[in-house]
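The dialogue below takes up several features in turn, moving from the general idea to the particular case.

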Amino acid sequence: MEIWINPACSKCRSALSLLDAEDAQYTVRHYLEEPPTADELDAVLRRLALEPWDITRLGEPIAAELALATWPREAADRPRWIETLAAHPALIQRPIITADDGTTVLGRSPESVRSVLPEHRDTLSTAAEQ
């Protein structure tokens with residue numbers, strides 16, 4: 001599994017602590033230093049079933065500078081948003097976790113982080129089958 005983090009982010013540190021406590025195997029990607037490409041962002045958004053504006057940090061100074069809060073949010077605007085997130089990765093909500101099976105979550109809560117752990121997914125599958 002891969003987790004996109006900003007080490008200065010408390011939610012990222014919490015997610016890492018939880019993954020460590022569960023002995024999860026993961027790779028850390030410091031996405032501010034190694035920004036995702038537009039294609040990577042598009043793939044992650046599709047896995048998350050979210051739009052780029054759903055994962056945009058509108059409180060960031062660059063968001064105000066670009067007036068992102070006023071940008072249209074229609075399907076035709078999606079590429080512009082994705083390109084902007086790729087160019088300004090500080091705008092991306094974090095942490096984003098992608099499990100080996102493709103399960104992807106915005107890991108802002110302990111529950112969402114746990115949901116990518118194989119043991120948790122197995123438990124969910126078993127419960128759904130009953």
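**Reading the aromatic cluster and its surroundings**

Ring pairs link W53, W71 and W81 into a cluster.

Q: What kind of model is this, and how many aromatic pairs does a search of the whole structure find?
A: This is a predicted model, and a search of the whole structure finds two aromatic pairs. In one of them the ring centres of W53 and W81 are 5.7 Å apart with the planes at 70 degrees, and because planes over 60 degrees apart count as edge-to-face, the pair is edge-to-face. W53 lies in the loop between α2 and α3 whereas W81 belongs to helix α4, so this pair ties together parts that are 28 residues apart in sequence.

Q: Which geometry does the pair of W71 and W81 have, and where do its two residues lie?
A: The pair of W71 and W81 is also edge-to-face, with 5.4 Å from centre to centre and 75 degrees between the planes. W71 lies in the loop between α3 and α4 and W81 in helix α4, so the pair ties together parts that are 10 residues apart in sequence.

Q: How should I read the packing of two helices, and what are the values for α2 and α4?
A: Two packed helices are described by the angle between their axes and the distance between the axes. Here the axes of helix α2 (residues 38-48) and helix α4 (residues 78-87) come within 9 Å and cross at roughly 115 degrees, and the crossing by which α2 passes α4 is right-handed. On the α2 side the residues that meet α4 are A38, L41, D42, L45 and R46, and their partners in α4 are R78, I82, E83, L85 and A86. Sorted by class, this contact has six nonpolar, no polar and four charged residues.

Q: Which residues of α4 are buried, and what do they pack against?
A: An α-helix has 3.6 residues a turn, so residues three or four places apart point the same way. In α4 the buried residues are R78, W81, I82, T84, L85 and A86, and the buried residues of this helix pack against α2 and α3 (61-66).

Q: How do I read a loop residue such as P35, and what does it touch?
A: P35 lies in the loop between β2 (27-30) and α2, and because its relative accessibility is 35%, P35 counts as partly exposed. P35 and H88 are 53 residues apart in sequence, yet their C-alpha atoms are 8.3 Å apart in space. Not counting residues up to four places away in sequence, P35 touches R29, E40, A86 and P89.

Q: Where is N6 found, and which polar contact does its side chain have?
A: N6 is found in the loop between β1 (2-5) and α1 (10-21), and at 13% relative accessibility N6 counts as buried. A polar atom of its side chain lies 2.9 Å from the backbone nitrogen of A8. Leaving aside neighbours within four places in sequence, N6 is in contact with C12, Y31, L32 and R94.

Q: What should I look for in the backbone, and which residues deserve attention for phi or omega?
A: Most residues other than glycine have a negative phi, and most peptide bonds are trans. In this model a cis peptide bond joins R94 and P95, with omega about -10 degrees, and P95 is found in the loop between α4 and β3 (96-98). D23, in the loop between α1 and β2, has a positive phi near 55 degrees, and at 64% relative accessibility D23 counts as exposed. A49, in the loop between α2 and α3, has a positive phi near 60 degrees, and at 66% relative accessibility A49 counts as exposed.

Q: Is T104 buried or exposed, and what does it touch?
A: T104, in strand β4 (residues 104-106), is buried, with a relative accessible area of 9%. A polar atom of the T104 side chain lies 3.0 Å from the backbone oxygen of G102. Not counting residues up to four places away in sequence, T104 touches V44, R47, L48, I96, I97 and T98.

Note on methods: Residues numbered from 1 in each chain as written. Predicted model: local features only at pLDDT ≥ 70, side-chain atom pairs only at ≥ 80, totals over all residues. Heavy atoms only, no water. Axes fitted to C-alpha atoms, helices over the stretch in contact; angles between N-to-C directions. Helix = DSSP H or I, 4+ residues; strand = E, 2+ residues; numbered from the N terminus. Left-handed = near helix turned anticlockwise from the far one by under 90°. Contact = heavy atoms within 4.5 Å. Nonpolar A, V, L, I, M, F, W, Y, C, P; charged D, E, K, R; others polar. Buried < 20%, exposed > 50% of the residue type's maximum accessible area, 1.4 Å probe, protein only. Polar contact = N/O pair within 3.5 Å; in protein donor to acceptor, adjacent residues only side chain to side chain. Phe/Tyr/Trp six-rings, centres within 6.5 Å; stacked < 30°, edge-to-face > 60°.
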